[in-house]
Each structure stands twice: as C-alpha cells, then as structure tokens.
2 protein chains.
Amino acid sequence: MTVPAAATDVLSVGIDVGGTKTALVVTDAGDRLHASQVVATDGADIVGQLAGLVSRAAGVIRPATISAVGVAAPGHVDERAGTVRLAVNLHQVELDLRGAIEDALGIPCRVEHDARAAAIWLDAEARNEGRASRGLAYLSVGTGISAGVVLDGQPLRGADGLAGEIGHLVADPDGPRCGCGLRGCLEAVASGPAIARRAAELVAAAEQATSLPARPTAEQVFESAALGDAVARRVVDETAAHLARAVRGLALAFGVERVVIGGGVARAGTALSEPLLAAIARERDESPLVDDALARATVELVAADSFAGARGAALIARRALASTGPHAAGGKGVDREQ
Amino acid sequence: MTVPAAATDVLSVGIDVGGTKTALVVTDAGDRLHASQVVATDGADIVGQLAGLVSRAAGVIRPATISAVGVAAPGHVDERAGTVRLAVNLHQVELDLRGAIEDALGIPCRVEHDARAAAIWLDAEARNEGRASRGLAYLSVGTGISAGVVLDGQPLRGADGLAGEIGHLVADPDGPRCGCGLRGCLEAVASGPAIARRAAELVAAAEQATSLPARPTAEQVFESAALGDAVARRVVDETAAHLARAVRGLALAFGVERVVIGGGVARAGTALSEPLLAAIARERDESPLVDDALARATVELVAADSFAGARGAALIARRALASTGPHAAGGKGVDREQ
C-alpha cells in the first residue's frame, strides 16, 4: 500500500469522509499515489479521527513532509470558510473542519464538497491524459446523492458552495419521504438506503417469489438482480430509471459531456451500469431532445478504488498551497525534518 | 414608444423570438431603451420577419445607426456557431440564424438562448443598480420551460450551449407525455399549454362545479383561480407546487441567490406568485436543507414589459461588437448615414 517517498517530495494528504467509510490518500506533486487507506467513519469524532489518520500517515511515510491536507465531505461545504453544514447523513449541523484540522495538525487544510472534489480529480486526471472534456459531472450515489460539476476545468460552486446538491431535486412527487423532510427527492428513491427500503417493501408485499431476505442491503439487491431474481430486478430497474433521469438532468441542466457515477451504489458495477445504460438508451429513443443532449456525452461508472474524492481533496490542498505558500495557515508543521 | 436618438448614438437591436410573440427593443450604449415593439411570431419565416423588423426599426429611429443585432431564441442555441437547433415549440430543426441575419442585413449578429439572454440582462441591470447577486437564474415559463443561469456575472453555457434546459427534467415520472417524447417533464406539467390541458381534463371530469370553459387557456385558469373557482385553483396549486420544486432545483443545482420567473405564464402576476411563494414556504417548512438553500435566495416574477430577453440580446450584441469591432461580420451596414 505504501510507496517509498523521496525526502524531497512534497506530499499532500486527501481524505474523503463518507457516511460510512473514510478514505485517505497520500499523493505527490505529480499526482502520483503514494499510499491509501480506508476506515469506517467515526461520526462521533470526525476531527479526532481525521487528525489521527493524518498523523499516522505522516508516521508511515517519513521522512517525507506532509505539506497540506484536503478534506472532501458531504453536505453543504463552504470551501472559502472551510466549514461543513447540514451534512444530513453525517448528523452534523455545522463544523469548522478546516480550522479544527489546522489547529490539530498545524498543516494548511482545505475542505471541499465530496462530489465536487471527485469531479475535480476526474477532470484533472483526464486532462493529464489528454482526454479533457468541456464539462464533467460526477454523480455520487451512496448513502446520499449529490453531484459535482466541472466546466472547462473550473469547478461549479454556485453562490454559496451549494451547486450540485441534486439529491434533493424531485424524482417522484408521490415518492417516499426523504431524510431532508420533503417527499420524493432523488435521494429518497435511488440512494443505497432507498434501494434497500424499496426492496424490503416488495419482499413484504410478497407478490413475487424472491431469494431476497426481509431486510436486504442494496448490495444484496444488485447481486440477486444479476442472478435473475424478479423482485431484485424490479428494484434495480426502477433505480436505473431514476438515475437515467438524473443523468439526463445533468446533461440538460449543466450541458456536460461526461457523467461519471460513483459512490457506494456504483460498486455494483455492471449490475448497475447495464440497466442504467439501457434506461438511458430508452430515453434517447423516446426523445430527440435527450438524444441530442446525450449524443456527445459519455456515461460511465467510476473505476473501482479510484479514490476520486480523496485524490481531488489532495489536489485542491496542493493547489491552494502552491498559490498561498506553506505559511498561510500559520502552522507549525507535522513531522517536518528540520 | 420611440425616444429620439442622437445622431452619434450607437444603437443595438435586441429581438426575443418566442413561440407565439416576438419582442424587439432598440437600446443605446448606456443600456437605455429607445424603442420597443411586440408582434406575433411568424414561425414560417423567422429570418424574413426578423430582417423586416430590424429594417423598419432602422427606418423609424434614423438618423441613428444600428450597429449590432442580438437575437434571443428558444431551443438549443449554439452561441458560438450562431445556430439554433431543435426548438421543439418553434418547429425548427436547425437554422443558421446569425448567418442568415448577417446576410440579410449586413449587421453583426449574435444569437443567444432566450432564457440565458434574459438572465444576462437581469444580472447586468442589477449590477448597474448596485444590487449584484452572486448567482441568478431566470426561469422562463411559457409555451416551453427553460432556465438561464448567470454565476458571478458569467453566463453558464455548458459544453454545448445546452445548460439550463431544465424544462425536460423530470417533474413527475407518471405525468403526461411531453412534446419532447418523454413522460412527465417539467414542461409537460407546468408550461402554459400544460396548464390549459390539465384544466380541460378536470373540466371534462366534471367532479367539481367550475366557471371554466371546456378548453380554457392558461390565462383563463389564473383569472378564474383568482376569483375562487375550485377547479382553476386546483390546477394553479398543482402548477405552483411543480414550479416551487423547479425553484428548489435551481437553488440546489446551481447555488443561485436570485430566481426570477418570466415567460407568458408569469404574466398571471399575483395569481401565480402568491400560490408559488406559498408552495415554496411549505417546502422550506418541511426541509431544513431547502430552508438553508433558499434562506438567502429571493424569488420574484419578472416585471411586466421588462423585455428582459430582448434587452439581453441587445446587450450581448453590443458587447460582442465592442470586443470584435463593427467589421467582424463584413457587413455593409444598414441605414448608415455615410
């Protein structure tokens, strides 16, 4: 997992704090991955957990210097203020994540919305490889749903850092109540918990024979669907139809050329991508307008273990350091060999 | 309607081509309105109609010079190429509007998406008056529905000029078939024709007494609703709920601080704005997340006779001229006093 780093390397740590898992990467100035780690998120003490992770990473990769930390987090992230607000699925109200990390570690820290961080990384990676697109959207489908959008290399933030929170756009006005309080949000019908809940509902209704347990996980639903279970297939097809509408929405609202789907639900792989691409193809058949909007667009699942959110966070932190210098945070440095 | 123009004025014509009406304005370098005109759209010969309108405007306001023409049009507008594609409600497939106007008149022409042109004007007007917002969305609700978004003074175009086409985002997956071919698009449930169709459906169902005719117009629906007609109120409340979700979507997806609603349906005035603001207030009550997103956002109807689309088109044309010079189109000029 760990690549030896030269003493002269300037390394950045990127951390992607998810509703259930937290991923950490260590990258160098050439965007190369030096180390990665995934742990269960400690929702009760996020700052303590992040500080511990960075300190231990600094210990493992010495004698290199960790110069900057980037944190990708869900919810309403104000990247200028460094705060995270209303991360419904993490049960936080408001957290000065940047200030807390800088105080704890003395290293400049930047925070970014998790889906936006992933979009920034995927866009930068494509540019590094000569595959730049004019617009990219990363659709994160996991415990929650949100999107990050990059247009011509620039992340779309909106007036208040909120741009991309499409998990709470309407998917079905008669749909189930969402965690946010509204009815029928995209997140209420197509997130991991929504898939599990819908499957449990159909299992309880007992209209069709099924191999699913009474309370299946979203992962079990995708596995059973791939094996031909009728109830599981119905749930997956409904989910795919909702996500196809979300992809259409991203293409039409933001005019992006590339949509990359990540998050826990995307780990289903072809069990998700096949019905999703079929649902998108049906929409294109039905509507010349959608066909036109998606004609030049690619839709793909993010590569497994791409650490897109964490790598985006590391990239943002490194770029911020390059533009402001290492003393911007007034930090004392962690594990510097001085 | 016509203000005398000084001979030294450099005037721009802006034209907003709608599904049913076409508006023209003549403005000067200080964004002042010199003349305005509204005619029925001639869908069979748009270029001929626009050329005639500009020539007659040039005749009326002589001896001033019309230096640039901007055209705001619905559909998929490629502002770089100057083309308009797939304007479903205007029954055009592809039109080189910029080339055709420049050929016909010898004046540099720019084309822009109609809702984006309106957003550009409203943003510029607010800046001129010291009321700049960090993000503004113009939601056009008429024969069709679309949005124009300006963030930090920059219009959001997307990779292919398509950004903002939110009329074809899903509003209700079980809703009526849309003109685009899909089911339950926002445009299929909340545009002028959708309001008229829904009212006709409820009148035909005859479950409630109503003063509405068998085939009411959207205008009649708003008028009857304001007078207390139960069927009309039901249609207006359903429309308001859909548009409240669209406003929520604009605030969440783009992070805008100001949403301005225009288009033919917005001419209903308080008969629309009161139920709409009530529906938005209900969403804010239900969801802390939506409350947070809309806390700093203003939602308003565009002022009647603001000619926002046409004025935006004129502004864009004038800005393009300022950056490229009058000879960019190789035009011979119209009505120049040389």
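**Strand pairing and the A–B interface**

Mentor: In this predicted model, β1(A) and strand β4 (residues 65–73) of chain A pair in the parallel sense over seven bridges. Residues are numbered from 1 along each chain as its sequence is written, and chains are lettered from A in the order in which they are written. Local features need pLDDT of at least 70, side-chain atom pairs count only at pLDDT 80 or more, totals for chains, interfaces and linings use all residues, and side-chain values use heavy atoms, without hydrogens and water.

Trainee: Why are β1(A) and β4(A) said to pair?

Mentor: Two strands (E runs in DSSP of at least two residues, numbered from the N terminus) pair if DSSP finds at least two bridges between them. β1(A) and β4(A) have seven bridges, so they pair. Val10(A), for example, has Thr65(A) as its bridge partner in β4(A).

Trainee: What makes strand β1 of chain A mostly covered?

Mentor: Six of the eight residues in β1(A), residues 10–17, are buried, that is, under 20% relative accessible area with a 1.4 Å probe, protein chains only.

Trainee: Why is the meeting of Arg177(A) and Glu286(B) called a salt bridge?

Mentor: The term requires a side-chain nitrogen of Lys or Arg within 4 Å of a carboxyl oxygen of Asp or Glu. Arg177(A) and Glu286(B) meet at 3.4 Å, N to O, and therefore qualify. Across the interface of chain B and chain A, the rule finds two salt bridges.

Trainee: How many residues of each chain are in contact?

Mentor: With contact taken as heavy atoms within 4.5 Å, 46 residues of chain B touch 46 residues of chain A.

Terms used:
Buried < 20%, exposed > 50% of the residue type's maximum accessible area, 1.4 Å probe, protein only. Helix = DSSP H or I, 4+ residues; strand = E, 2+ residues; numbered from the N terminus.
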